[in-house]
Amino acid sequence: MLGHDDAGNGGVRIAYDAESGVLTHDRTGAGTAFPDAFRTVQRMPVGAGRRLAFTAWLDVSSVEIFADGGVSVLTDLTDVKAGERVSVRGLGGPVELERFAVAAPRG
């Protein structure tokens, strides 16, 4: 989750449904800088199964998600403010975070 609080307010959410093999990027909680029609859930079919390896690149106004070894790619605009938190948790199953890195902006 990017920028969500525990009540689910604000930010965006990346989720994987192992049963359907669909990875979603939920930006219905995106900031008020965008119109209501912008707040959508994008879906990307990926290989179904218990495990999914993916890479997510986040910057000031976008998220890019690469799955299936880069064969499946989803790119979306977001409105997550600098300094917002990022959290990872499993809902209905375990999650293993292999690597998490943050790079400071240049400038």
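In which strand does H25 lie? The model is predicted, and in it H25 is part of strand 2.

**Surroundings of H25**

With a relative accessibility of 0%, H25 is buried, because buried means under 20% relative accessible area. The side chain of H25 forms a polar contact of 2.7 Å with the side chain of D76. Residues up to four places away in sequence aside, H25 touches V12, R13, I14, T40, V41, Q42, V63, I65, L74, D76, L77 and T78. One of these residues, I14, is also the bridge partner of H25.

Strand 1 (residues 13-17) and strand 2 (residues 22-26) run antiparallel and are joined by five bridges. Among the residue pairs between them, D17 has V22 of strand 2 as its bridge partner. These two strands form a hairpin with four residues between them. In the turn, G21 has a positive phi of about 70 degrees.

V12 is placed in the segment before strand 1. V12 is buried as well, with a relative accessible area of 0%. Although V12 and G29 are 17 residues apart along the chain, their C-alpha atoms are separated by 5.9 Å.

**Sheet 4-5-6**

A further open sheet of three strands has the order 4-5-6, again with antiparallel pairing. Strand 4 (54-58) and strand 6 (72-77) stand at its edges; each has a single partner strand, so one side of each has no neighbour in the sheet. Direction ignored, neighbouring strands here are turned by 10 degrees against each other on average.

Strand 4 and strand 5 are antiparallel, with five bridges joining them. One of the paired residues is T55, whose bridge partner in strand 5 is F66.

S62 is also located in strand 5. S62 has a relative accessible area of 15%, and it counts as buried because the limit is under 20%. Apart from neighbours within four places in sequence, S62 is in contact with W57, D76, L77 and T78.

| Residue | Relative accessible area |
|---|---|
| V12 | 0% |
| H25 | 0% |
| S62 | 15% |

**Nonpolar core**

Which residues make up the largest nonpolar core? This core has seven residues: L23, M44, V46, V63, I65, A67 and L74. Strand 5 (residues 62-67) supplies the largest share of the core, three residues.

I65, a member of this core, is in contact with I14, L23, H25, M44, F54, T55, A56, S72, V73 and L74, when neighbours within four places in sequence are left aside. Among these contacts are L23, M44 and L74, which are themselves core residues.

Note on methods
Residues are numbered from 1 along each chain as its sequence is written. This is a predicted model: local features need pLDDT of at least 70, side-chain atom pairs count only at pLDDT 80 or more; totals for chains, interfaces and linings use all residues. Side-chain values use heavy atoms; hydrogens and water are left out. A nonpolar core is a set of buried Ala, Val, Leu, Ile, Met, Phe, Trp, Tyr and Cys residues joined through side-chain atoms within 4.5 Å. Buried means under 20% relative accessible area, exposed over 50%, partly exposed in between (1.4 Å probe, protein chains only). Contact means heavy atoms within 4.5 Å. Two strands pair if DSSP finds at least two bridges between them. Axes are lines fitted to C-alpha atoms, for helices over the stretch in contact, and angles run from 0 to 180 degrees between N-to-C directions. A polar contact is a pair of N or O atoms within 3.5 Å; within protein, one must be able to donate a hydrogen and the other to accept it, and residues adjacent in sequence count only if both atoms are side-chain atoms.
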